[in-house]
Amino acid sequence: MALEHTLSIIKPDAVAKRAIGEILATFEQAGLSVVATKMKRLTRAEAEAFYAVHADRPFYAPLVEFMLSGPVVISVLAGENAVMHHRQLMGATDPTAAAPGTIRARFASNTRENAVHGSDSVENAQNEIAFFFAQTELCH
Ligand code: ATP
Ligand code: MG
C-alpha cells in the first residue's frame, strides 16, 4: 500500500445537521490525517465544474443546486490507501444501501443529500485537490 491523498467534502446537508465534528472525527479515528481543511460556499461555477462529469445525468441540475444550498467543508485527507479507505468510511451513494456505521448510513438523508463526497481514484483525487487547494496549503 502507498501513502495517498484524497479530497473530502462534507456536503451542505451534513453541515446543517452539525455533523462536521463527528465526520472529521470518524476520519481521524480510522487513521486518516487531515492535512488541509476549509469551510466555504461553493460558487455556481465551482459546483458545475466539480460535478461536470455528471453534466448529462438527470440528477445533475438538482445536485448543483443542493451543493449551493449552504456551506461545505472541504478537506484533504492523507493515509495509507486513503482514496479507497475514505470511500469505505463514506458508504454507498444511496444511504439505504450503505453499510451500517458508515458516514452515509449515519448522516445521509437520501441519494442526493448524502452527507459527503470522496474522490474515487488516485488520479481524480489529485485533480480534485488541485481544484480547491494550492500545494502550499497542504500541511505535511
Ligand atoms: P460523490 O461523487 O459525491 O462522492 P459518489 O461517487 O458516491 O458520490 P456519484 O455517482 O459520483 O456518487 O454521484 C455524485 C453525487 O450525485 C452523489 O453523491 C449524489 O449526491 C448525486 N447523485 C448520484 N446519483 C444520484 C441519483 N440517482 N439521484 C440523485 N442524486 C444522485
Ligand atoms: Mg463520485
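Helices (H or I, at least four residues) and strands (E, at least two) are DSSP runs, numbered from the N terminus. The model is a predicted one, in which local features need pLDDT of at least 70 and side-chain atom pairs count only at pLDDT 80 or more, while totals for chains, interfaces and linings use all residues. Residues are numbered from 1 along each chain as its sequence is written, chains are lettered from A and ligands numbered from 1 in the order in which they are written, and side-chain values use heavy atoms, with hydrogens and water left out.

A polar side-chain atom of Y51 is 2.8 Å from an oxygen atom of ligand 1. For K11, the distance from a side-chain N or O atom to a ligand 1 oxygen is 2.9 Å. R112 takes part through its backbone, with an N or O atom 2.9 Å from an oxygen atom of ligand 1. Taken alone, ligand 1 exposes 570 Å², and the protein buries 78% of that; these areas come from the Shrake-Rupley method with a 1.4 Å probe.

Two residues stand out for their backbone angles. Most residues other than glycine have a negative phi. R18, in the loop between α1 (12-16) and α2 (20-29), has a positive phi of about 60° although it is not a glycine. A115, in the loop between α6 (103-107) and β4, likewise has a positive phi, near 75°. Their surroundings can be read from relative accessible area, where buried means under 20%, exposed over 50%, and partly exposed in between (1.4 Å probe, protein chains only). R18 is exposed, at 76%, whereas A115 is buried, at 0%.

A further loop, between α3 (44-50) and α4 (60-67), contains A55. This residue is partly exposed, with a relative accessible area of 39%.

How values were computed:
A polar contact is a pair of N or O atoms within 3.5 Å; within protein, one must be able to donate a hydrogen and the other to accept it, and residues adjacent in sequence count only if both atoms are side-chain atoms.
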